[in-house]
Amino acid sequence: MPSQIEFQLQRQLESRKERSLLRRLVVIPETSADFSSNDFLGLARNPQLGARFLKELQSFPTHTPPLGSTGSRLLDGNSRYAEELEDLIAKFHHAEAALIFNSGFDANVGFFSSVPQPGDVILYDEYIHASVHDGMKVTRAGVKKAFLHNSLEHLEELLQNVRREDQQQAGTGLSVNNKTNKYKQRNIFVAVESVYSMDGDTAPLREIVDLLEQFGAHLIVDEAHATGVFGEQGRGLVNELGLESRVFARLHTFSKALASNGGNHHWKD
């Protein structure tokens, strides 16, 4: 007889199946044509890239750095190799600094859970990636609001509302968190994707940047699906549009067009 948890999980699986929401792991035959993965450049099975990767590993004398991280980078898992790679990424993307994460998912969760400060505001496109939502679940920001997909009008309306509230708070002589007697204007972070994975459309980045600069807001661009496809040498849509110095932070992943693993956030100079 199944236990209570086994019974409950089976009921959940049956419910998902009835709603056509049940997903299964499948192994795609190697002879299949790829029309659905994120291997945009076909590098995942490229023999030249594979050979260069193995050559790079063989170049480490006595495995320095080690094959495994050995621990958190904040403890004893950091390496000169990792820091040199972050410097290389920052220079490649014309950014002041870059930080490597285990994945693009971790990069988004890490950013939105740590950078926005108490009382700050996050405005996000309603089609933003689920990883941003997970980051916002543990964010310190006081306000999180979605705007209609690619709608400059709705975004402007929300920006105006935030700054209007700031002005009203300034008139009371209190900050928005009421912890000090000195008023502080809230930081506004706006989260968008350069290329939206579900529909394949792009964000009007030029217009968004122009709009945000009027309100002193910070733009965060997820370039996961633009990496390798747009911009000089695949630097992304922000690069292609010449907006690198006007975007607060960009996310790039290694696991899609770059056929590797990991992700990074980098900041404007």
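Glu165 is partly exposed, with 35% relative accessible area. Partly exposed means between two limits: buried is under 20% relative accessible area and exposed is over 50% (1.4 Å probe, protein chains only). This is a predicted model, in which local features need pLDDT of at least 70, side-chain atom pairs count only at pLDDT 80 or more, and totals for chains, interfaces and linings use all residues. Residues are numbered from 1 along each chain as its sequence is written, and side-chain values use heavy atoms, without hydrogens and water.

**Salt bridges**

The structure holds nine salt bridges. Such a bridge is a side-chain nitrogen of Lys or Arg within 4 Å of a carboxyl oxygen of Asp or Glu. Three of them are listed here.

| Pair | N to O distance |
|---|---|
| Lys137 and Asp134 | 3.3 Å |
| Arg186 and Glu165 | 3.1 Å |
| Arg246 and Glu213 | 2.9 Å |

Take Arg186 and Glu165, joined by a salt bridge. Arg186 sits in the loop between α6 (152-172) and β4, and Glu165 in helix α6, so the pair ties together parts 21 residues apart in sequence. Arg186 is buried, at 8% relative accessibility.

Arg246 and Glu213 also meet in a salt bridge. Arg246 is in the loop between α8 (237-240) and β6 (249-253), while Glu213 is in helix α7 (residues 205-215); the pair links distant parts of the chain, 33 residues apart. Both are partly exposed: Arg246 at 30%, Glu213 at 46%. Elsewhere, salt bridges that share partners join Arg163, Glu165, Asp166 and Arg186 into one network.

**Helix α5**

Helices here are DSSP runs (H or I, at least four residues), strands are runs of E (at least two), and both are numbered from the N terminus. In α5 (residues 130-137), Ser131, Val132, Gly135 and Met136 are buried. They lie on the same side of α5, because they cover an arc of only 140° around the axis. That arc is taken from the directions from the helix axis to the C-beta atoms. The cover over these buried residues includes α4 (104-114), β2 (121-125), β3 (143-147) and β4 (188-193). Contact means heavy atoms within 4.5 Å.

Lys137 is exposed, at 65%. Asp134 is partly exposed, at 26%.

**A surface patch**

Phe40, Leu41 and Val229 make a nonpolar surface patch of about 250 Å². Phe40 is in the loop between α1 (4-18) and α2 (47-58). Phe40 is partly exposed, at 35%. Patch residues have over 30% relative accessible area and no salt bridge; like charges are joined within 9 Å, nonpolar side chains (Val, Leu, Ile, Met, Phe, Trp, Tyr) within 5 Å. Accessible areas come from the Shrake-Rupley method with a 1.4 Å probe; for residues, only the protein chains shown count as cover.
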